[in-house]
Amino acid sequence: MECFAIGAGAHFSLVWSGQSDWREHYAPALNRDGTRAALVADTVYGGPGGRPSQHIQFYDAQGKFSGVIPLDPTDPKAGFVFTADGMKLLVPTGSRTVQMFDATTGAAVGELVHPGRPYVTGIAVHPCGIVACARTNGTVTFWDAEKREQIRTFDWKAGKLVSVAFAPDGALAAAGTEDGKVVVWDVDV
């Protein structure tokens, strides 16, 4: 099995080629210009007690492996995204925290910690770099990821949010609930 990425100008590159020691790869993410890719990988063995271990692997546009972030396999990762400049990867923890990693080395570089108990359920990055996080309490919080500061919180009172997204031009944002409602709004950043 092989996984390919399509970048800017329809650049097509191999980002992973199956090996016998890897069991599963999923939740791929590409940066905006297609020069970096990341995906979750489960190894068959190698974790404590022979349990599978889970990592996020980084690749460059030529398919060259460039780094790995070890993960807790009991807290599956999905919905991670690159920052607008492609230099950091934002990874929800399954709680109220979003971890930030250097997209070249995999080194931890900070985190976005939301107040209170509601969990982060979705992340999106605006073309200007603002990070939006959907939460289980029906809010979407905008962050300045570089400063690790909250900019604004929207409370849509639509129920538990499970996703958030921006239009490619950044003019609109949308958030979806677990029961299928979608809230769309104009973005002014």
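User: How many bridges join β5 to strand β6?
Analyst: Strands β5 and β6 (residues 65-71) are joined by 6 bridges and run antiparallel; strands pair if DSSP finds at least two bridges between them. Strands here are DSSP runs of E, at least two residues, numbered from the N terminus. This is a predicted model: local features need pLDDT of at least 70, side-chain atom pairs count only at pLDDT 80 or more, and totals for chains, interfaces and linings use all residues. Residues are numbered from 1 along each chain as its sequence is written, and side-chain values use heavy atoms, with hydrogens and water left out.

User: Nice. Which residue stands opposite Gln 57?
Analyst: That's Val 68 in β6. In the hairpin of the two strands, with 4 residues between them, Gly 63 has a positive phi near 85°.

User: Switching over: is Lys 88 buried or exposed?
Analyst: Lys 88 is buried at 17% relative accessible area (buried is under 20%, exposed over 50%, partly exposed in between, with a 1.4 Å probe and protein chains only).

User: And what does the Lys 88 side chain join up with in a polar contact?
Analyst: The side chain of Glu 146, at 3.0 Å. A polar contact is a pair of N or O atoms within 3.5 Å; within protein, one must be able to donate a hydrogen and the other to accept it, and residues adjacent in sequence count only if both atoms are side-chain atoms.

User: What about Lys 157, buried or exposed?
Analyst: Lys 157 is exposed, at 69%. It sits in the loop between β14 and β15 (161-166), and its phi is positive, near 50°.
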